[in-house]
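Visitor: I would like to learn how to read salt bridges and a helix contact in a model. Please take them in turn.

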Amino acid sequence: MATLGALLVLATTAQAQDTIKIGLIMPYSGQFADTAVQMDNGIKLYVQRYGATVAGKKIEFIRKDTGGVAPDVAKRLAQELVVRDGVDILAGFVLTPNALAAADVSASAKKLMVIMNAGTSIITTKSPYAVRTSVTLPQVSEAFGQWAAKNSVKKVYTMVSDFGPGHDAEQGFQRAFKEAGGEIIGSVRFPVANPDFSAFVQRAKDLNPEAIFLFVPAGAQPAAFAKALAERGLDAKKVKVLGTGEVTAEAALKGMGDASLGILTAWNYDPQHDTGSNKAFVKDYVSAFGRTPDFMSAGGYDGMHLIYEALKKTGGKTDGDALITATKGMAWESPRGPIAIDPETRDVVQNIYIRRVEKIEGVPVNVIIDTIKDMKDPVLARMRK
């Protein structure tokens, strides 16, 4: 890191003054590749809409592939982007372990780091130059725990992936659910790359829960979980399945089919959200990429909005202190609804939507049934006290 600091001067001097370089670190290959595609599509759509020039400077992207959960690779790529490629801003970050590793580079190099997905609360505390435009798992799961207990769910078994976001989701849901009068009758954590959920679902079934709360990362796992539900005879209409938005993302629903019907999720974005801004966003996205946007797309799109507006405020200056100051307190109308950046935590404030999977015109889709407004990350809020 000392060498990194010494070389920053050379990288900055060598960089053309009329170009702003953004380094995107994402899993462009491997089981999480589609999440990177959706996020990158959101980034591309923003640039298509608003141009590749901001504050009189051209925007240039340099894309780096982590191949999956690979914190060592993510840190090395971040160092290469800063030292060798001379980037001004680090962005992307689908997965929490990768974001945490790159945060060290952001802090040492004093580079703005825009987290467009990774949802573990503490990430923004690891670099004073980190800001998030996506969502945190406690933000969603605590809101959902409160809602579930208030809506006649009394006994829940929790099932989560065994890494940072899963721990956040589990602890957030359990905390809020119990505080609202609910009972957790058991819990399990399974490997992040787990391909088969049959044994875990059977364990839950044996306890005869009223409901199951689930967190798995976006990608292939939601469909694998739905398959296990069907194989073990757990009907989502009889045993409520509660989850975060990854569980019923568009790609997941295609793989789950009718097994998804009745699943309840809490999330920060839904393409069915009935606003003019979102309808235009979905229309343009489908036209450009031939598919429906998801929360990754919204995170990438809003991440670019934050970058563009921050650069406008600084007049194109890219030093980390100026850019991070420009992001604090920023507020705008996103496709997901009104959002803002908390000036104290540098994290996103937004609505959380409660959704139920229903079949419309023969296709399973998420239908918004309730809204929890202006939700902050509760973990970061408690840390501030």
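**Salt bridges and a helix pair**

Guide: Lys312 has a relative accessible area of 49% and is partly exposed; buried means under 20%, exposed over 50%, and partly exposed in between (1.4 Å probe, protein chains only). This is a predicted model, in which local features need pLDDT of at least 70 and side-chain atom pairs count only at pLDDT 80 or more, while totals for chains, interfaces and linings use all residues. Residues are numbered from 1 along each chain as its sequence is written, and side-chain values use heavy atoms, with hydrogens and water left out.

Visitor: With which residue does Lys312 form a salt bridge?

Guide: Side chains of opposite charge can pair when their charged atoms come close. A salt bridge is a side-chain nitrogen of Lys or Arg within 4 Å of a carboxyl oxygen of Asp or Glu. Lys312 pairs with Glu309, with the closest N and O atoms 3.0 Å apart. Both lie in helix α11, 3 residues apart.

Visitor: Are Arg132 and Asp347 buried or exposed?

Guide: Both are buried, and their side chains meet in a salt bridge at 2.7 Å, N to O. Arg132 lies in strand β6 and Asp347 in the loop between β13 and β14, so the pair ties together parts 215 residues apart in sequence. Helices (H or I, at least four residues) and strands (E, at least two) are DSSP runs, numbered from the N terminus.

Visitor: How many salt bridges does the structure hold?

Guide: The structure holds 18. Arg76, Glu80, Arg84 and Asp85 are linked in a network of them.
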